[in-house]
Structure formats: structure tokens, C-alpha cells
Amino acid sequence: MVEELLTAAAATAAGGTVYLIAAARVVKQYERGVVFRLGRLYGAVRPPGFTLVVPGVDRLRKVNLQIVTMPVPAQEGITRDNVTVRVDAVVYFKVVDASAAIVNVEDYRFAVSQMAQTSLRSIIGKSDLDDLLSNREKLNQGLELMIDSPAIGWGVQIDRVEIKDVSLPDTMKRSMARQAEADRERRARVINADAELQASRKLAEAAQEMSETPSALQLRLLQTIVAVAAEKNSTLVLPFPVELLRFLERAQQPAPPDLTAEPRPEPDGHRPGP
């Protein structure tokens, strides 16, 4: 009798151990457990830690709540200003409702990927090339809104969407390079013209000042001589006032004869005849 009781107790303990092993489940900290009993959603979402299910009746599915980084394959499209580009992006999202992510959509990762590709193509068609190159923050926000709207019903939250790279055709790259070079040359010419204008105004003021003070021109001449001599050149170029040259030229010309003077008498005392 005692042996039968011991045998029954041992069998019960062994059965309980086997049942406990079959029913025991462990949900990690970054996961949530969704239980289906005979194909129907049963109870609330299981929190992290140790939990039990009915073997053969319940089925536990674990859902990862970590942020998923999903690259979006490069999409080729035509912008609003008729430029062919190739754009790729990356999507950051996470599951916020484990039950909805399992029940409402077959594969939420694949669904988010397809929605991201479709939205990226739509953004390319609605944007100009300049927006894709310089105004990406606004495009990222619009792309995030387009993906997040249907993802709410899937239990998924879009954290961030970033456009990684915009590839242009080689012909467009050369055209943009020529445009940038022409723009830089235009700015350089404008700067040079502005510098010439400012210099001409200063020279005009200096000329006005020197015309009022003649000695200033002589001082400027001496300063020029000092500046040239400091360079230790073998040839010295000396500016010479044009007015001085004209004065010397007039001084070298012979004086015109005086027609009003009386003729001198001849040695014999007679005046010359008419």
C-alpha cells in the first residue's frame, strides 16, 4: 500500500514537472507576449518575466518592442521640375501595441517597408530638385507623416525618417558644376566692380584734396620715391608732373620778333629806304 502511494506521488510529481516545463515561458524585457487560445486572442499582453500557458491549447507569440532600423531601397523617380533622381532613405520605427501588430497586419515589417517605398516615390514626384538637395528636413517630416498615418492601425509608431542620399545623372552633375562656376565668376566680377567703384571714389577725393593743396602732390611724389627705393631696384621710375614739362617746353621756344620796334640806322647815317 505504501509503495503504491509512493509510486502515485512520484508519478504525479513527474507529471507536474513535465507540465510545468511545457507550460513555462519567459518573456524578455524588450518583448511582450500575445497569447492565442484555440486561435482567439486571450487576455492581456503578457509582461516581461516568467509566465505560464496551457500546453497544446495556448500559443504565445513574442513581439519585439525595440526600435527597428529599416533601410528603404533606392527609388528612382522624376521630380516636379523634370529631373531624374535616385533617392534612398532609412526608417526608424517601433511597435507600441503588440496585439495590433500581430492581429491587424500579417507582417508589420514588410508593410512598413512597402509603405516607405511608396511614400518615398510620392515625395520625389512632389518635390523640386533644390528641395531634395537643400530642404531635406521638411521632406523628412512629410515622409514621416505619410508613413505614420497607416502605421497607427498596425500598432507601429514611426520615430524618424531620413533621406540618406540623392543620386543625380552625370549630365546633371556637369550642368550644376557649370552653373556653380558661372555663379562664382559672377560674384567675383561684382566684387571687383564694387572695389573699383570704391577706389575711384577715394582717388577722386584725393585728387580734390591735392588740387586744393599743391604741396600735397610734392609730398606724394616724395613718398613714391621712398617706396620704390625700398625695393632695391636697379631702375628708378620717377613720376614727373606734366605741367612742369609744358613749362620747360614753353621756355625753350624762341621769342617772336617785335614788329613795332624802329629799324636801326645804317653806319653812314642814312635810313634804309622803303
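Predicted model: local features only at pLDDT ≥ 70, side-chain atom pairs only at ≥ 80, totals over all residues.

Helix 3 covers residues 108–126, and at its N-terminal end I found a cap from aspartate 107, where a side-chain oxygen lies 3.3 Å from the backbone nitrogen of arginine 109.

Next I asked which residues of helix 3 are buried. I listed Tyr108, Ala111, Val112, Ser113, Ala116, Gln117, Ser119, Leu120, Ile123 and Ile124. Looking up what these buried residues pack against, I noted strand 5 (58–64), strand 6, strand 7 and strand 8, together with helix 2 (98–103) and helix 5.

I then turned to the sheet, which is open and has 3 strands in the order 6-7-8 with antiparallel pairing. Its edge strands are strand 6 (68–78) and strand 8 (156–167), each of which pairs on one side only, and the twist averages 25 degrees from one strand to the next. Between strand 6 and strand 7 (residues 84–95) I recorded 9 bridges in the antiparallel sense, and I noted that threonine 69 has tyrosine 92 in strand 7 as its bridge partner.

Finally I looked up how the helices lie on these strands. Helix 3 lies across strand 6, strand 7 and strand 8 and runs at about 35 degrees to strand 6, while helix 5 (residues 136–151) lies across strand 7 and strand 8 and runs at about 140 degrees to strand 8.

Note on methods: Residues numbered from 1 in each chain as written. Heavy atoms only, no water. Pairing = 2+ DSSP bridges. Helix = DSSP H or I, 4+ residues; strand = E, 2+ residues; numbered from the N terminus. Axes fitted to C-alpha atoms, helices over the stretch in contact; angles between N-to-C directions. Contact = heavy atoms within 4.5 Å. Buried < 20%, exposed > 50% of the residue type's maximum accessible area, 1.4 Å probe, protein only. Polar contact = N/O pair within 3.5 Å; in protein donor to acceptor, adjacent residues only side chain to side chain.
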